Amino acid sequence: MSKPAAVRRAGASAPLLRPLAHAGRAALALEAHRRLCAVYGCPIAYFHALPPLDELVSSLLSHRTRNADSARAFRALRDRFPSWEAVRDAPVADVERAIAGVTWPEAKAPALQRTLFAITEQRGGLDLDHLAGMDAQVARAWLSALPGVGPKTAAAVLSFSELRGRALPVDSHHHRVAQRIGLIPRSLPVGPSHTVLEALLPPEWDAQQVYDHHEVFMLHGQRCCFFRSPACGRCVLLDLCPEGESRRTAAAPAGENNAPSPEL
Ligand code: SF4
C-alpha cells in the first residue's frame, strides 16, 4: 500500500526534510501504527494486571533498570514487608537492601518512601482506588503532582494497572523510534514527548488502542530499530523514516541513491 499523502515528505535527502505539521505527523503516527500492528499483532495482551499502587511502586523501581531486576526487587519488597504501609514506615536502609538489585537503590528507597508518605497524606491512607472514577487527564495530573512521579510513571499506572486507563507511556525504545521517523524533534526529551505523542493519536481511540500504540513502538525499538545499529533494511517503516533514508543513502556507493525518489 502506498503512503498517505500526508506522510509523503518534500525534499531530496533525509537530513534536509522539513518537519511535518501536526496533521502530517498525526497521519504518520497512524500509518506507523497500522504497519507495526500488522507486524507485532494487535490487540496486544496486557502483560499484567496489578492494583494501581503496586503498579506505581513497580514503575518507580523500573527506572533505568532491566525488567528482570526491577521485577525481582518488587517481589523482594512484597516478601520482606507485609504491606506498603510497612515499606513506607521501615528504616530506609531496610528498603534499600530489599531493592538492591535495581539501579540507584540508595536514591530509590527514600524516594519511594516519600511518594508513599505523600499519598498517605493526601488520601488518608495508602491506596489509589479513587483514580478509577477519574477522567484520565485529571488522574494523570494528580499522579504527576506526587513527588518522584513523572509522565511515564503516571501513564504507566493508568494504562498498565487494573485501571486500564487511556494513557500513553513512552519508554526509551518508543521515544527513539518516534524521533527517528520524525514524529517528534530530536531535541525533545522523553518527559515532554508524552503530551506531544499522545496528542497525535485519534481522540476516539480507546485504552487498548493507545496501549497497542505504545507496545508496538516499544517492540519495534527492541527488535528492529536498535539504538546503535537499527535494522533499517528489514524495517516496515523505512520509506517513512528520514533516519532510515539517511542511513541508506550514506551506505550506498557514490552515485547511487542520490536521485530524488518519485515519492519525494
Ligand atoms: S528505518 Fe531504521 S531508523 Fe527508521 S524506524 Fe526503521 S529501523 Fe528505525
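Me: On what basis are local features and residue numbers given?
Reply: Because the model is predicted, local features need pLDDT of at least 70 and side-chain atom pairs count only at pLDDT 80 or more, while totals for chains, interfaces and linings use all residues. Residues are numbered from 1 along each chain as its sequence is written.

Me: What makes up the secondary structure of the chain?
Reply: The chain has twelve helices and zero strands. Helices (H or I, at least four residues) and strands (E, at least two) are DSSP runs, numbered from the N terminus.

Me: Why is Arg 180 called buried?
Reply: A residue is buried if 20 or more other C-beta atoms lie within 10 Å of its own, exposed if 12 or fewer, and partly exposed in between, with C-beta atoms placed from the backbone. Arg 180 has 23 C-beta neighbours inside 10 Å, and therefore counts as buried. Arg 180 is found in helix α9. Of the 264 residues of the chain, 36% count as buried.

Me: Why is helix α9 described as largely enclosed?
Reply: Seven of the ten residues of α9 (residues 172-181) are buried, so the rest of the structure largely encloses this helix. Among them are His 174, His 175, Arg 176 and Ile 181. The buried residues of α9 pack against α1 (22-40), α10 (190-199), α11 (207-223) and α12 (242-251).

Me: Which residues does Arg 180 touch, not counting residues up to four places away in sequence?
Reply: Two residues are in contact if their C-beta atoms, placed from the backbone, lie within 7 Å. With that exclusion, Arg 180 touches Cys 225, Cys 241 and Glu 243. Under the same exclusion, Ile 181 touches Leu 28, Ala 32, Leu 237, Leu 240 and Cys 241.

Me: What makes a set of residues a nonpolar core, and which members touch the most others in the largest one?
Reply: A nonpolar core is a set of buried Ala, Val, Leu, Ile, Met, Phe, Trp, Tyr and Cys residues joined through C-beta atoms within 7 Å. The largest such core has 54 residues, of which Ile 99, Ile 181 and Leu 183 touch the most other members. Helix α8 (residues 151-160) supplies the largest share, six residues.

Me: Which residues are closest to the ligand, and what is the class of those around it?
Reply: A residue is near a molecule or strand if its C-beta atom, placed from the backbone, lies within 6 Å of it. The ligand is surrounded by 14 residues, the closest being Cys 225, Cys 232, Cys 235, Cys 241 and Gly 244. By class, eleven are nonpolar, one is polar and two are charged. Here Ala, Val, Leu, Ile, Met, Phe, Trp, Tyr, Cys and Pro count as nonpolar, Asp, Glu, Lys and Arg as charged, and the others, Gly among them, as polar. Helix α9 gives the most to this shell, with three residues.

Me: Why is Arg 64 called exposed, and why is Arg 164 called partly exposed?
Reply: Arg 64 has 10 other C-beta atoms within 10 Å, and is therefore exposed. Arg 164 has 16 other C-beta atoms within 10 Å, so it is partly exposed.
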